[in-house]
Amino acid sequence: MTSTTSSPRPAGAQHLSDKEYADNLRRATLSSSIGSAMEYFDFAMYGLMTALVFNTLFFPEGDPAMNTVAAFGIYGVGFVARPFGGFLFGSLGDRVGRKWVLVVTVLLMGGASALIGVLPTFHQAGYLAPILLVILRLLQGLGAGAEQAGATVLMAEYAPVRRRGFFSALPFIGIQGGTLLAALVFSLLTLMPEAAFLSWGWRLPFLASSVLILVALLIRSHLRETPTFVELEKHEQVSERPLREIFTRGRAGVVVGIGLRMAENGGSYMFQSLALAFVTSAAIGLDRGIVTWGVTLGSLIGMITVPLSGHLSDRFGRVPVYRAGAVFMLAYTFPAWYLLSVGGELVAVAIIAIGIGIAVNTMLGPQCAMLPELFGARHRYLGVAMAREISAVLAGGLAGVLGAALLAWTGGNWIVLAVYMGTLASITVGATFLVPETRGRNLLAIEDALRISQDEWSDNGDNADDADGPTGREQAPASDLVPESLGAAHR
């Protein structure tokens with residue numbers, strides 16, 4: 001972290017010593033990474049269990065295809081809950097601070113996941129079993145609805161200005177780590193005798209969430225509030241009604257943010273869960289233990305492509321890198337689903353790994369800094385949460401239940417899945433033409449990026465490396481910043 005002290009700091013962090021800033025940046029990175037790892041471990045594990053376990057254990061015996069649709073329906077419930085969690089905790093994050101909201105969300109999300117590991121099955125409790133699963137999935141979704149938004153905002157507001165893309169992407173290695181760990185654990189569990197796996201083996205990874213909760217809480221309790229929020233409090237600029245501000249001033253940013261997320265989020269869940277259900281169905285019949293390695297390899301690749309694409313966005317801009325990832329996914333979609341349909345474990349592993357590791361994560365890297373840069377300081381947490389979580393419902397949540405339904409109704413036709421993914425990728429490609437370049441933006445700016453002429457605060461990022469750290473005005477006009485000038489107008 002010593003190299004960061006020579007880089008321009010974010011506005012509001014100039015009063016810290018080099019050691020204090022480096023220590024807090026390190027804690028923020030570690031805290032966000034562990035939270036991301038836990039969230040995606042839980043969600044990836046839930047997705048794997050949905051396709052291969054929950055459809056058997058939590059529903060009465062009957063049509064396997066319809067049980068899979070019902071299981072993915074409960075999977076989608078978590079996505080439905082996420083926007084509500086984003087609204088609630090996003091508003092609190094803008095009103096009381098980023099740090100303590102992240103403590104609450106990790107407790108809620110992790111606690112619900114751990115309790116899934118002690119649920120009774122349908123044969124033990126009848127219809128009470130899926131009802132309890134729905135309740136815990138709702139709680140898990142509420143916590144997750146603000147966890148990733150908080151981690152994104154936390155890192156963007158802590159990161160050095162000219163390396164914001166790289167540092168903001170680092171915690172999202174936790175996403176790959178969590179997904180990787182889930183895939184590895186699941187692959188090992190599938191080596192168990194099937195009776196033992198279905199009896200108690202599937203419970204172990206959910207119960208293990210309690211360990212990650214304790215580690216995350218320990219680190220977050222020693223984390224300082226972000227420099228941006230400290231400046232908001234110092235100048236009495238903390239919003240009392242961030243939800244009202246979002247609907248009156250930030251709607252455009254939320255809509256564009258949703259569009260940017262459609263391919264990244266939807267593609268991620270389609271490759272991680274729906275593709276597994278597709279290739280292990282009776283129509284294709286691939287070995288589930290082998291194909292799961294596609295998710296594992298994709299996550300390993302993502303550990304490189306996420307920070308790399310974040311770094312590239314610092315050099316070439318957020319928009320060009322993001323658009324390249326979206327265009328790649330659009331071109332990849334039809335060949336990928338066709339090759340999945342023709343069978344073959346090694347081909348399926350390669351297709352899933354490339355889809356996750358390159359197509360999805362080339363967009364995730366620049367997104368980590370881009371979404372916080374889109375929104376003004378007073379409603380940033382809520383804006384990022386709304387963009388992330390509404391898109392999670394429209395893309396990720398529907399990917400499972402709609403995809404499973406389409407497979408059931410069409411008898412396993414791969415074309416409908418390709419059309420669906422291609423539509424998501426097309427939306428994201430279009431969204432990249434609606435967003436201004438945000439590299440180097442001052443995060444103390446009050447207005448959203450879409451409300452400010454690009455010439456006023458950025459010259460396409462060409463001078464981002466020369467941002468004047470001590471002044472805290474990194475490419476934004478003084479009239480757009482937090483201190484004094486806009487105080488009365490925005491209270």
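**A conversation about the model**

Guide: Let us begin with Arg27, which is found in helix H1. Please bear in mind that this is a predicted model.

Visitor: Is Arg27 buried, exposed or partly exposed?
Guide: Arg27 has a relative accessibility of 32%, and therefore counts as partly exposed, the class between under 20% and over 50%.

Visitor: What does Arg27 touch, apart from residues up to four places away in sequence?
Guide: Arg27 touches Ile219, His222 and Leu223. Arg27 and His222 are 195 residues apart in sequence, yet their C-alpha atoms are 8.0 Å apart in space.

Visitor: Which residues does Ser31 contact, its neighbours within four places aside?
Guide: Ser31, also found in helix H1, is in contact with Ile219, Arg220 and Leu223. Its relative accessibility is 1%, so Ser31 counts as buried.

Visitor: And Ser33, buried or exposed?
Guide: Ser33 counts as buried because its relative accessibility is 17%, and the cut-off is under 20%. Ser33 has its place in helix H1. Leaving out residues up to four places away in sequence, Ser33 touches Leu170, Pro171 and Gly174.

Visitor: Why would residues three or four places apart point the same way?
Guide: An α-helix has 3.6 residues a turn, so residues at that spacing point the same way.

Visitor: What span should H10 have, and how far apart are its ends?
Guide: Helix H10 covers residues 209–220, which is 12 residues, and at 1.5 Å a residue it should span 16 Å. The C-alpha atoms at its ends are 17 Å apart, which agrees.

Visitor: Which residues of H12 are buried?
Guide: In helix H12, residues 242–249, the buried residues are Pro242, Glu245 and Ile246. Viewed down the axis of H12, they fall within an arc of 100°, so they line one face of that helix.

Visitor: Changing topic: which residues touch the most other members of the largest nonpolar core?
Guide: They are Met49, Phe54, Trp202 and Trp337, in a core of 124 residues. H1 supplies the largest share of this core, 17 residues.

Visitor: What does Met49 touch, not counting residues up to four places away in sequence?
Guide: Met49 touches Phe54, Phe186, Leu189, Phe197, Trp202, Pro205 and Phe206.

Visitor: How many cavities of 30 Å³ or more are there?
Guide: The count comes to 2 cavities of 30 Å³ or more. The largest cavity holds about 90 Å³ of space. Its lining includes Tyr40, Gln176, Glu264, Asn265, Gln272 and Asn361.

Visitor: Which elements give two or more residues to that lining?
Guide: Those elements are helix H7 (173–189), helix H13 (251–279) and helix H17 (345–374).

Visitor: Where is Arg9, and is it buried or exposed?
Guide: Arg9 is found in the segment before helix H1 (18–57). Its relative accessible area is 10%, so Arg9 is buried. Arg9 and Val161 are 152 residues apart in sequence, and their C-alpha atoms are 5.8 Å apart in space.

Visitor: Finally, the whole protein: how many helices and strands does it have?
Guide: The protein has 21 helices and 0 strands. Of its 491 residues, 63% count as buried.

Visitor: And what share of the contacts joins residues at least 24 apart in sequence?
Guide: Among contacts between residues at least 6 apart in sequence, that share is 84%. The pair of Arg9 and Val161, 152 residues apart in sequence, shows such a separation along the chain.

How values were computed
Residues are numbered from 1 along each chain as its sequence is written. This is a predicted model: local features need pLDDT of at least 70, side-chain atom pairs count only at pLDDT 80 or more; totals for chains, interfaces and linings use all residues. Side-chain values use heavy atoms; hydrogens and water are left out. Helices (H or I, at least four residues) and strands (E, at least two) are DSSP runs, numbered from the N terminus. The expected span of a helix is 1.5 Å times one less than its number of residues. Buried means under 20% relative accessible area, exposed over 50%, partly exposed in between (1.4 Å probe, protein chains only). The arc is that of the directions from the helix axis to the C-beta atoms. A nonpolar core is a set of buried Ala, Val, Leu, Ile, Met, Phe, Trp, Tyr and Cys residues joined through side-chain atoms within 4.5 Å. Contact means heavy atoms within 4.5 Å. On a 1 Å grid over the protein atoms alone, a cavity is a set of points where a 1.4 Å probe fits but cannot get out, and a pocket is an open set with protein on both sides within 12 Å along at least five of seven lines; lining residues have an atom within 4 Å of a point. Grid points are joined across faces, edges and corners, and a volume is the space filled by probe spheres set on the points.
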